Amino acid sequence: MKTYKVVGIGNAIVDVLTQSDDQFLAHMGIEKGIMQLVERERAETLYGAMDNRVQAPGGSVANTLAGLGNLGLKTGFVGRVADDALGTFYADAMEQGGTDFVNAPVAGAEAPTSRSMIFVSPDGERSMNTYLGVSAELGPDDLADGVADQAEIVFLEGYLFDKDKGKEAFLKTARACRAAGGKAGIAISDPFCVERHRDDFLGLIKDELDYFIGNRAELLSLFKTDDLDAALGKAAEICPLVVCTQSGDGVTIVQGETRVHVGVQEVVPVDATGAGDLFAAGFLYGLATGADLETCGKMGNVCAAEIISHMGARPEADLQALFKQNGLI
């Protein structure tokens with residue numbers, strides 16, 4: 001038996017959230033609804049402009065692992081934080097959430113722990129401004145022995161491709177898991193990330209991975225088309241399992257010749273931060289526990305609906321209880 005059901009590798013980022021309107025975003029020069037990388041000075045300016053801040057451990061894959069921990073699966077996280085107040089907070093929070101934080105905070109790091117200033121609009125859209133800090137130095141040396149090869153599933157974060165060392169860590173993790181009989185997959189993160197790394201992503205998905213998860217915009221960008229059916233068909237040609245979320249239009253899952261569409265009950269979001277991350281948690285829980293594709297999709301939708309019902313990207317409800325209420329377990 002493997003040590004971990006799921007191991008994730010990604011940016012270890014403290015989320016700092018506040019509510020703001022479109023006028024404020026325009027005044028501060030913040031582009032609505034996307035993730036932008038910012039430098040340290042810009043990060044400090046935005047942080048100072050935030051009222052009623054809510055602080056929580058974040059990072060896309062780390063949020064997914066928090067959901068899986070809530071669901072009771074044994075998980076591990078490969079990430080990099082500095083030995084500072086935010087780094088200690090982050091590592092402790094991951095452990096308290098049931099996920100092994102396998103890398104000790106880096107003593108004497110030149111850059112501080114990463115943080116993302118997230119401005120949540122009245123319509124639930126989140127505008128993320130991320131300072132990567134020490135997380136940008138995540139590399140293959142941060143993957144300890146006995147982690148990826150002891151995972152049934154590894155889940156990789158597309159944002160890591162913004163740094164060469166991140167790519168190397170990414171490949172080392174995927175290959176170690178698959179060589180030991182596990183499955184490796186990716187969240188391709190956002191359309192702008194796809195634009196930056198399209199060829200790399202396509203090669204990775206085709207040659208190194210067993211599944212990938214993306215939303216409609218990401219899939220269309222990946223295959224440079226406006227036709228979702230065409231994009232799904234191309235994706236299925238290069239990857240055994242493709243998962244495409246479509247917000248209020250549900251999720252489409254393609255495995256070989258099988259295509260399953262799972263609808264959703266429309267929910268007015270309080271905060272859309274982490275919706276895709278928690279969908280992935282539910283879906284991977286189903287995958288790890290042998291559920292059929294439709295049930296995997298429903299589990300993902302239940303988790304996403306929970307996370308958008310409140311501020312922050314970590315679940316507040318008992319997700320197992322929600323699955324039981326929905327007849328999924």
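Colleague: What is the bridge partner of Ile118 in S8?

Modeller: Met128. Strands here are DSSP E runs of at least two residues, helices H or I runs of at least four, numbered from the N terminus. This is a predicted model, where local features need pLDDT of at least 70, side-chain atom pairs count only at pLDDT 80 or more, and totals for chains, interfaces and linings use all residues. Residues are numbered from 1 along each chain as its sequence is written, and side-chain values use heavy atoms, leaving out hydrogens and water.

Colleague: How many bridges join S7 to S8?

Modeller: Six. S7 spans residues 114-120, S8 spans 126-131, and they run antiparallel. Two strands pair if DSSP finds at least two bridges between them.

Colleague: What order do the strands of the sheet have?

Modeller: S3-S8-S7-S2-S4, in an open sheet of five strands with mixed pairing. S3 (35-37) and S4 (54-58) are the edge strands, each pairing on one side only.

Colleague: Which strands does H2 lie across?

Modeller: S2, S7 and S8. Contact means heavy atoms within 4.5 Å. H2 covers residues 40-48 and runs at about 45° to S7. Axes are lines fitted to C-alpha atoms, for helices over the stretch in contact, with angles from 0 to 180 degrees between N-to-C directions.

Colleague: And H4, what does that lie across?

Modeller: S2, S4 and S7. H4 (residues 85-96) runs at about 65° to S4.

Colleague: New topic. At what angle do H9 and H10 cross?

Modeller: Roughly 145°, with their axes coming within 7 Å. Residues in that contact include Phe279 and Phe283 of H9, and Met299 and Ile307 of H10.
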